[in-house]
Amino acid sequence: MVLQEDFLRTRRIADGSVDLVVTSPPYNVEVGYSAYEDNLPYEEYLAFSRRWLAKALKLARPNGRLCLNVPLDKNKGGQRAVAADLTHEARAAGWRYQSTIVWNEQNISRRTAWGSWMSPSAPFVIAPVEVVLVMFKGEWARRERDRHPDIARDEFVEWTNAVWTFSGERATRVGHPAPFPVELPRRLVKLFSYREDLVLDPFLGSGSTLLACRETGRRGIGVEIDPAYCALAARRLDGTAGAPRAVRAAQPEAPVRARTATSTTM
Ligand SMILES: C[S@@+](CC[C@H](N)C(=O)[O-])C[C@H]1O[C@@H](n2cnc3c(N)ncnc32)[C@H](O)[C@@H]1O
């Protein structure tokens, strides 16, 4: 189900009903979204993050889980330890920390500056990875004896090694400025939920999480503030997406989810 709403305002999801939250929020790196300004002052961005994380916690059932995909850090607009800061905000909102998955996108095209070239003066060091923060409400273990796992042996062995290597998604292929590949939510829902569980993506974008839910037999709710992205998600779900529309991305062919270094120090 796709809800076209501001997640902070929606009242259409029952408190205590969500088994798993899988999402990638705006990264605050000036991505060209249609209905959201992705350039808040950093402290405001963290305050916004704490508000939506608190709301997600309220909607989560006891033992509910959160998989939060964010950059490890960012350079644009100043050096920021985004994953560490959002871990702090999530804990302040009431989520408990379980682990971190490193998603190795192997994408070095995000590099736009070296800092001080071949000098220790002020080099820029960039990891071509994102992370998924795995957190929970109350207790980690789910003790439901009547539920049947659907994950294969090889998937379990491979995915519990928390360095995942696969490519990101292209904005121009999907028609959204910052999609993640369906492979990311597909792994997360199979590893952290049962079939028929209710999965929520409060920042649905182009609908990738709902595609993964449909493929894996989970019930999914996606909230997206922008009507055009809701329509795109609906088209992807009913298989009529066709050729993507133009996207307002800073670097349309680059992985715009990425944070980039933008200045050079000599
Ligand atoms: C990083 S994108 C999510 C991309 C998504 N994972 C995908 O694969 O397409 C973040 C999305 O959050 C949406 N958004 C921003 N603020 C929102 C809010 N308050 N409520 C709901 N959606 C919001 C933006 O319009 C954008 O589509």
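Which residue in strand 6 is the bridge partner of Val 102? I will come to that by way of the sheet. A reminder that this is a predicted model.

The sheet is open and has eight strands, ordered 1-8-7-2-3-5-4-6, with mixed pairing. Strand 1, residues 2–4, and strand 6, residues 163–165, are the edges, each pairing on one side only. From one strand to the next, the twist averages 20°.

Now the opening question. Strand 4, residues 96–104, runs parallel to strand 6, and three bridges join them. The partner of Val 102 in strand 6 is Val 163.

Next, the helices on the sheet. Helix 2, residues 82–93, lies across strands 3, 4 and 5, and runs at about 160° to strand 3. Helix 7, residues 227–238, also packs on the sheet, where it touches strand 1 and strand 8. The direction of helix 7 makes about 165° with that of strand 1.

Helix 7 has a helix partner as well. Helix 6, residues 208–216, packs with helix 7 at about 25°, and their axes are 9 Å apart. Angles under 35 degrees count as roughly parallel, so these two helices are roughly parallel to each other. The crossing is right-handed. Helix 6 contributes Leu 210, Leu 211 and Arg 214 to the contact, and helix 7 contributes Ala 233, Arg 236 and Leu 237. By class, that contact has four nonpolar, two charged and no polar residues.

Last, the ligand. The ligand is surrounded by 22 residues, the closest being Pro 179, Phe 203, Gly 205, Ser 206 and Ser 208. The shell has 14 nonpolar, five polar and three charged residues.

Methods: Residues numbered from 1 in each chain as written. Predicted model: local features only at pLDDT ≥ 70, side-chain atom pairs only at ≥ 80, totals over all residues. Pairing = 2+ DSSP bridges. Helix = DSSP H or I, 4+ residues; strand = E, 2+ residues; numbered from the N terminus. Axes fitted to C-alpha atoms, helices over the stretch in contact; angles between N-to-C directions. Contact = placed C-beta atoms within 7 Å. Near = placed C-beta within 6 Å. Nonpolar A, V, L, I, M, F, W, Y, C, P; charged D, E, K, R; others polar. Parallel < 35°, antiparallel > 145°, perpendicular 65-115°, else oblique. Left-handed = near helix turned anticlockwise from the far one by under 90°.
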